[in-house]
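Subject: Structure handover

Hi,

Here is the structure for your work. Please open it alongside this note; the findings follow below.

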Amino acid sequence: MELDAGYDSGAHPSSEGHLVRADYTLEGGGGRIGIARRHAAAFLDRMRSEYGLQVSQRVRDSIELVVSELVTNAHKYALGPVLMQLRVGAEGVDVVVWDSDPAVPVVRAADPGRVGQHGLEIIKKVAEKLFVEREPVGKRVTARLALSEVPNPA
């Protein structure tokens, strides 16, 4: 079901065709947000050193921001571990976060007066696509970011 442009609930982003993938288990505690960011930075460094993939600082910052927002949401709303997967393919970089809470997140309308709960708004601004998939236990949220800095016309 399409909720709005770039945000699909129930759509399944294919993991086939990805050139490189890394999986991480993030145990409990607020420290996992920083750990997830460090994993993302190390993954991008590995892509550069082992595969010659050039990622601009702006794109790198966007990927780390998306990692922070998705892991923060999982930390706030779900019990137990959080699983993170980073994938590079022809369509860009996928940041995938699984948590045990089955509730599908809601993208709220922009409201500069609201304190907090802007994470999905932020992700929608920097990601090419945003997918939410319900799992037998919990949900999986995937944000796909382009490797180039060409703005998305949508």
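This is a predicted model: local features need pLDDT of at least 70, side-chain atom pairs count only at pLDDT 80 or more; totals for chains, interfaces and linings use all residues.

**Strand pairing**

S5 and S7 run antiparallel to each other and pair over seven bridges. On S6 (residues 129–134), S7 has another antiparallel partner, with six bridges. There, Glu133 is bridged to Arg140 of S7. S6 and S7 form a hairpin with four residues between the strands. Gly138 in this hairpin has a positive phi near 80°. S7 itself covers residues 139–145 and is mostly covered, with six of its seven residues buried.

**Core**

The largest nonpolar core holds 32 residues. Phe43, Met84 and Val95 have the most contacts inside it. Elements that give two or more residues to this core are strand S3 (18–26), helix H1 (31–51), H2, S4, S5, H3, S6 and S7. H2 gives the most, with seven residues.

What does Phe43 touch, leaving out residues up to four places away in sequence? The list is Val20, Arg21, Ala22, Tyr24, Leu86, Arg87 and Val88.

Helix H3 spans residues 119–126, and its buried residues are Gly119, Leu120, Glu121 and Ile123. Their cover includes helix H2 (57–77), S6 and S7.

**Salt bridges**

The structure holds 11 salt bridges.

- Arg87 with Asp94: the closest N and O atoms are 2.9 Å apart. Arg87 is buried, because its relative accessibility is 5% and the cut-off for buried is under 20%. Asp94 is buried too, at 0%.
- Asp99 with Lys139: the closest N and O atoms are 2.8 Å apart. This pair links distant parts of the chain, since Asp99 sits in strand S5 and Lys139 in strand S7, 40 residues apart. Asp99 counts as buried at 5% relative accessibility. Lys139 is buried as well, with a relative accessible area of 6%.
- Asp45 with Arg48: the closest N and O atoms are 3.3 Å apart. The two residues are three apart in helix H1, so about one helical turn separates them. Asp45 is partly exposed, with a relative accessible area of 29%. Arg48 is partly exposed at 41%.

Through them, salt bridges join Arg37, Asp45, Arg48, Arg60 and Glu64 into one network.

**Glu91**

Where does Glu91 sit? Its place is the loop between strand S4 (82–89) and strand S5 (92–99). Is Glu91 buried or exposed? Glu91 counts as exposed, because its relative accessibility is 58% and exposed means over 50%.

Not counting residues up to four places away in sequence, Glu91 touches Arg144, Leu145 and Ala146. The Glu91 side chain makes a polar contact with the side chain of Arg144, at 2.6 Å. Leu147 is 56 residues from Glu91 in sequence, but the two C-alpha atoms are 8.0 Å apart in space.

Best regards

Definitions and conventions:
Residues are numbered from 1 along each chain as its sequence is written. Side-chain values use heavy atoms; hydrogens and water are left out. Buried means under 20% relative accessible area, exposed over 50%, partly exposed in between (1.4 Å probe, protein chains only). Contact means heavy atoms within 4.5 Å. A polar contact is a pair of N or O atoms within 3.5 Å; within protein, one must be able to donate a hydrogen and the other to accept it, and residues adjacent in sequence count only if both atoms are side-chain atoms. Two strands pair if DSSP finds at least two bridges between them. A nonpolar core is a set of buried Ala, Val, Leu, Ile, Met, Phe, Trp, Tyr and Cys residues joined through side-chain atoms within 4.5 Å. A salt bridge is a side-chain nitrogen of Lys or Arg within 4 Å of a carboxyl oxygen of Asp or Glu.
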